[in-house]
Amino acid sequence: EAFPNARILRMDRDATQVKHGHQKILDQFNKHEVDILLGTQMIAKGLDNPLVGASIILNVDVALMKTDYRSVEDAFALMLQTAGRSGRGDGEAQVIIQTDLQKHMVYPALLNHDFKRFYVQEMKYRKIAQNPPYTYLINLSLYGKDEQKLYVNALHLTQALQDEQIKVLGPSDLGKRIHVYYQRILIKGKDLNFMRKHLMDVLNREVKYHKWDCQIDVNPLKGLE
């Protein structure tokens, strides 16, 4: 609506489902057959076009405020990558970020491309919260089609896992996807061997009394949102 005369092309998972869809979209953009490329995170990397004069990041607060402890790190990397798409030629370029969190600690480091500053600040917060690399994590995803039964089992397992050597967080309701409900339990501690053994001991003991479907992810890299 703001640019009624602009030729706009969308690039996301749906638009790239067809064979060579990803490359076809990039070819159109690189040949300047379109003026604005609108897309998801997939346009933040690998786009090398000297004609790009502006990179615009919309609603970055969603990325910054995820519950995953890596959310700020991921958002910082995403903004740097997206900003790097413009100004690759000889002309002037702009980077525009839409945010309601102007005082967030990420922005001074971002504006100055100061990786060390970001690292020092981020590690300070991770230490306070006792998140990796200061602790280990084990993520348990429980799932089932009976929402109430799943919650009861997740609550029971959370209580059974309690131990003074670890911190047990949850259960957290992860909602419903394709007729299946999900609950998450997160175990945090400093002795990974103990955490593994304790978890398996509890599961082997409790499975005699309660049944659940469960996925276990040790030191998960994704899936904590």
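Q: How much accessible surface does the chain have, and what share of it belongs to carbon and sulfur atoms?
A: This is a predicted model, and its surface is a computed value. The accessible surface of the chain is about 14600 Å², and carbon and sulfur atoms hold 52% of that.

Q: Which secondary structure elements does the chain have, and how does its radius of gyration stand against the globule rule?
A: The chain has seven helices and eight strands. Its radius of gyration is 22 Å, while the globule rule gives 17 Å for 225 residues, so the chain is more spread out than a compact globule. The box filled by the C-alpha atoms, taken along the principal axes, is roughly 65 × 40 × 30 Å.

Q: What share of the contacts joins residues at least 24 apart?
A: Counting contacts between residues at least 6 apart in sequence, 69% join residues at least 24 apart.

Q: How many charged side chains are there, and how far apart are the centres of the two sets?
A: There are 31 positive and 27 negative side chains, and the centres of these sets lie 4 Å apart.

Q: How many aromatic pairs are there, and how is the pair Phe76 and Phe118 arranged?
A: Rings are paired when their centres lie within 6.5 Å, and the angle between planes then sets the class, with under 30 degrees counted as stacked and over 60 as edge-to-face. The count here is three aromatic pairs. For Phe76 and Phe118, the ring centres are 4.2 Å apart and the planes are at 5°, so this pair is stacked. Phe76 belongs to helix 3 (residues 71-83) and Phe118 to helix 5 (residues 115-129), so the pair ties together parts 42 residues apart in sequence.

Q: How are the rings of Tyr143 and Tyr182 arranged?
A: Their centres are 5.9 Å apart and their planes are at 35°, so the pair is tilted. Tyr143 lies in strand 5 (residues 136-144) and Tyr182 in strand 7 (residues 180-189), and the pair links these distant parts of the chain, 39 residues apart. Tyr143 is partly exposed, with 27% relative accessibility, whereas Tyr182 is buried at 18%.

Q: Which residues do ring pairs link into a cluster?
A: The cluster consists of Phe76, Phe115 and Phe118.

Q: Where is Pro220, and what does Pro220 touch?
A: Pro220 sits in the segment after strand 8 (213-218). Its relative accessibility is 2%, so Pro220 counts as buried. Leaving out residues up to four places away in sequence, Pro220 touches Tyr69, Arg70, Leu137 and Asn139. Leu140 is 80 residues from Pro220 in sequence, and their C-alpha atoms are 9.9 Å apart.

Q: Where is Arg196, and with which residues is Arg196 in contact?
A: Arg196 is part of helix 7 (residues 192-206). Its relative accessibility of 41% makes Arg196 partly exposed. Apart from neighbours within four places in sequence, Arg196 contacts Ile138 and Val218. Between Arg196 and Ile138, which are 58 residues apart along the chain, the C-alpha separation is 8.3 Å.

Notes. Residues numbered from 1 in each chain as written. Predicted model: local features only at pLDDT ≥ 70, side-chain atom pairs only at ≥ 80, totals over all residues. Heavy atoms only, no water. Helix = DSSP H or I, 4+ residues; strand = E, 2+ residues; numbered from the N terminus. Rg over C-alpha atoms; globule rule 2.2 N^0.38 Å. Contact = heavy atoms within 4.5 Å. Areas by Shrake-Rupley, 256 points an atom, 1.4 Å probe, with all protein chains shown as cover. Lys, Arg positive; Asp, Glu negative; His and termini not counted. Charge placed at Lys NZ, Arg CZ, Asp CG, Glu CD. Buried < 20%, exposed > 50% of the residue type's maximum accessible area, 1.4 Å probe, protein only. Phe/Tyr/Trp six-rings, centres within 6.5 Å; stacked < 30°, edge-to-face > 60°.
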